[in-house]
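Subject: Structure for you to look through

Hello,

Here is the structure I said I would pass on. Please open it first, then read the notes below beside it.

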Amino acid sequence: MLRSILATLIVILGATGALAAGGEKPVKREYPVFPPAPYGQTQEEVAVKSAGCISCHEKTDSASMHISGAVAIGCTDCHGGSAEHFRDKSVKPGSVEYTGILKKAHVLPLYPKTWHWPTSANPKASYTLLNKESPEYLRFINPSDYRVVREGCGACHMKDIQAAERSLMATSAMLWGGAAYNNGILPFKRYVLGEAYTRDGEPAVLDSPVAVTPKMAARGILPKLYPLPAWETIPAADVFRVFERGGRNIITQFPEIGLPNALGQLQRLEEPGRPDIRQSNRGNATGIRVAIPVLNIHKTRLNDPHTWYLGTNDQPGDYRTSGCGACHVVYANDREWVSSGKYAKHGNKGQTITVDPTINGEHFPEMKGEKGHPLKHAFTSAIPTSSCMTLFALHLDRKSVV
Ligand code: HEC
Ligand code: HEC
Ligand code: HEC
Ligand code: HEC
C-alpha cells in the first residue's frame, strides 16, 4: 500500500484543469529566443534594449523596476520582446498602425481570448493558465514568475530564486502535508508534497541543493518535495468518511454526479437525505470512490493560490502577480493604514497610480480605473502586511486600534 502510494507520487502527473483556458485552442506561434538579462552592461546597451518600448510607453515609474538607479537592465532584458520597433509620434494610440507596431514589439500569447488580449490587467481566477501559456509570454507579462525567473533575474539573484522557490509561500508544503496527514491520504508526518513547476508548467520535484544530513533532518530540513498527484488516481484512504450514506436502491452503474438518475424515477423511492448519489458502490479508486481530500487540496491550490500562481485578482486582498512580484510589487488591496501603511490611501481595487501613459488611461481613456494592475512599475522592500493576508480581524474602526 505504502509503496503503491509512493509509486503514484513519483509518477509525475499533469494536473492542469481544462477550464483554465476555457476550452480555447492555443494559437500556433514560433517565438524567437529572447536572451537572458546579463550581469553587467553599459548604459548605452541598456538604452538600445528599451528604445522601441519607450516610443510608446514614454515613461515609467522605475525603468529598471529597482529602487537603485544603478541596476543596468533594459526593458527587453527582463520582458523579452523586440525593442527595435518604433512608434512615430504621429501614429495615434489605438490606430491600426499602432496595433501593428505593438504586435511586433510585444510577445503574443497562445491563449489571447482567455487573457483578454490586449488588455494588460491581470485576469480574474486564472487557475492553471500560467502552466499552459508559453514561457515567452509569461516572461513578457511578468519576468518574475518562477517558471521563467532565471531568464530575467538569474544573472544577479540566483540565491534569492532558489530560496524563493523552496519557500512555504511557493510550495504550500505545510498545508498539503497537514491536509494529507490529517485526512489519512499519506501516513507521513514529515512532509513529502510541495508545489513547483518546470519552465513549461509541468509539475516538478524539488530537491534539496545539498545532501541532507541526519542533523539537518532533525531540524526539519526536507530532502525532496514531490508534486501533488492527480486526484483521480488516488484511492480513498478515508474509507470510513463517505460523503453520503447513499440510498437503499443500489444500482450497478457509477452514480452520475449532477444527474443521479436521468428520469428521476429512482429518487422517488429514496428517503429524504439518502439520495442515490454517494461515494459509489464501486471498488476503491473506481467510479468516484477517490480521495476527496486530494481533490480539495487541488482546488485550494487554484482558488487560494500561492506564489506559483497569480492572485485571483477578483476582490480586495487578492490583487497580485506571481513569483517575486507577489511580494515585491505592491497592488492596492487594503484601505486600512494598520495593515497597508502608506499604500492605504490608494484604495483596495487593484488600480494603478503609474506614470506610464499606456497603462494609466492617458493614451486609452477606457483603461482609467481598470482593476488588476500594480500600483507602480517598481519593486519595493517595504512590503505591507496586507500583502501577506487579508486582515479580517484587524478591520476594526481606527479608534479602537489606536
Ligand atoms: C506600439 C506601442 C507599444 C510598443 C512599441 C510597446 N508597447 Fe508595451 N504596451 C503598449 C500598450 C498600449 C499596452 C497596454 C495594453 C492594454 O492594456 O490594452 C502595453 C502593455 C505592455 C505590457 C503589459 C502586458 C500585459 O499584458 O500585462 C508590458 C509588459 C509591455 N507593454 C512591455 C513592453 C516592452 C518590453 C516593449 C518593448 C519591447 C513594449 N512594451 C513596446 C504599447 C506598446
Ligand atoms: C527587473 C526587470 C524589469 C525591467 C527592466 C522592466 N520591467 Fe516591466 N515589469 C517587470 C515585472 C516583474 C512586471 C510585472 C508586474 C506585475 O504584473 O505585477 C512588469 C510589468 C510591466 C508592465 C505592466 C504594468 C501594469 O500596470 O500592468 C509594463 C507596461 C512594463 N512592465 C513595461 C516596462 C517597460 C516599458 C520597461 C523598460 C523601460 C520595463 N517594463 C522594464 C519587470 C521589469
Ligand atoms: C543586473 C543585475 C540584476 C538583475 C538582472 C536583476 N536585479 Fe534585482 N537587484 C539587483 C541589485 C544590485 C539589487 C540591490 C541588492 C541589494 O540591495 O541587496 C537588486 C535588488 C532587488 C530587489 C530588492 C528591492 C530593490 O529594488 O532594491 C528585488 C525585489 C529584486 N532585485 C528583484 C529582481 C527581479 C524580480 C528581477 C528579474 C525580473 C531582478 N531583480 C533582476 C540586481 C539585479
Ligand atoms: C513571500 C514574499 C517574498 C517573495 C515571494 C520574495 N521575496 Fe524578496 N524579500 C521579502 C522580504 C519580506 C524581504 C525583506 C525586506 C526587508 O528586509 O526590508 C525580502 C528581501 C529581498 C531582497 C533584499 C532587499 C533589501 O533591500 O534588503 C532581495 C534582493 C529580494 N528579496 C529579492 C527577491 C527575489 C529575486 C525574489 C524572487 C525570486 C523574491 N525576493 C521573492 C519577501 C519576498
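**What was found**

Among the contacts in the chain with a separation of 6 or more, 64% join residues 24 or more positions apart; two residues are in contact if their C-beta atoms, placed from the backbone, lie within 7 Å. This is a predicted model, in which local features need pLDDT of at least 70 and side-chain atom pairs count only at pLDDT 80 or more, while totals for chains, interfaces and linings use all residues. Residues are numbered from 1 along each chain as its sequence is written, and chains are lettered from A and ligands numbered from 1 in the order in which they are written.

The chain has 16 helices and two strands. These are DSSP runs numbered from the N terminus: H or I of at least four residues for helices, E of at least two for strands. Of the 402 residues in the chain, 36% are buried. A residue is buried with 20 or more other C-beta atoms within 10 Å of its own, exposed with 12 or fewer, and partly exposed in between, the C-beta atoms being placed from the backbone.

**Helix α10 and the cores**

Which residues of helix α10 (residues 173–182) are buried? They are A173, W176, G177 and A180. These four lie on the same side of α10, because they cover an arc of only 95° around the axis, the arc being that of the directions from the helix axis to the C-beta atoms. An α-helix has 3.6 residues a turn, so residues three or four places apart point the same way. The face turned away from the buried side carries the exposed residues M174 and N182. The buried residues of α10 pack against α9 (168–171), β2 (224–225) and α13 (292–303). Just after α10, G184 takes a positive phi of about 75°.

W176 is also one of the residues with the most contacts inside the largest nonpolar core, which has 49 residues; I185, L193, L225 and A291 are the others. A nonpolar core is a set of buried Ala, Val, Leu, Ile, Met, Phe, Trp, Tyr and Cys residues joined through C-beta atoms within 7 Å. Another core, of nine residues, lies apart from it and includes M65, V330, A332 and L375. Leaving out residues up to four places away in sequence, L193 touches A173, W176, G177, A180, L225, Y226 and L228.

**The ligands**

Ligand 1 is surrounded by 26 residues, and C53, C56, G81, A105 and S120 are the closest. A residue is near a molecule if its C-beta atom, placed from the backbone, lies within 6 Å of it. The largest share of this shell, five residues, comes from α2.

Around ligand 2 there are 28 residues, with M65, C75, C78, T321 and H373 nearest. Helices α2 (43–57) and α3 (75–79) are the elements that give two or more residues to that shell.

For ligand 3 the count is 19 residues, and I67, S144, C153, C156 and H328 come nearest. Helix α8 (residues 149–165) gives the largest share of the shell, five residues.

**A loop residue**

I353 lies in the loop between α15 (337–340) and α16 (398–401). It counts as partly exposed because it has 15 C-beta neighbours inside 10 Å. The C-alpha atoms of I353 and K376 are separated by 6.0 Å, although these residues are 23 residues apart along the chain.

Regards
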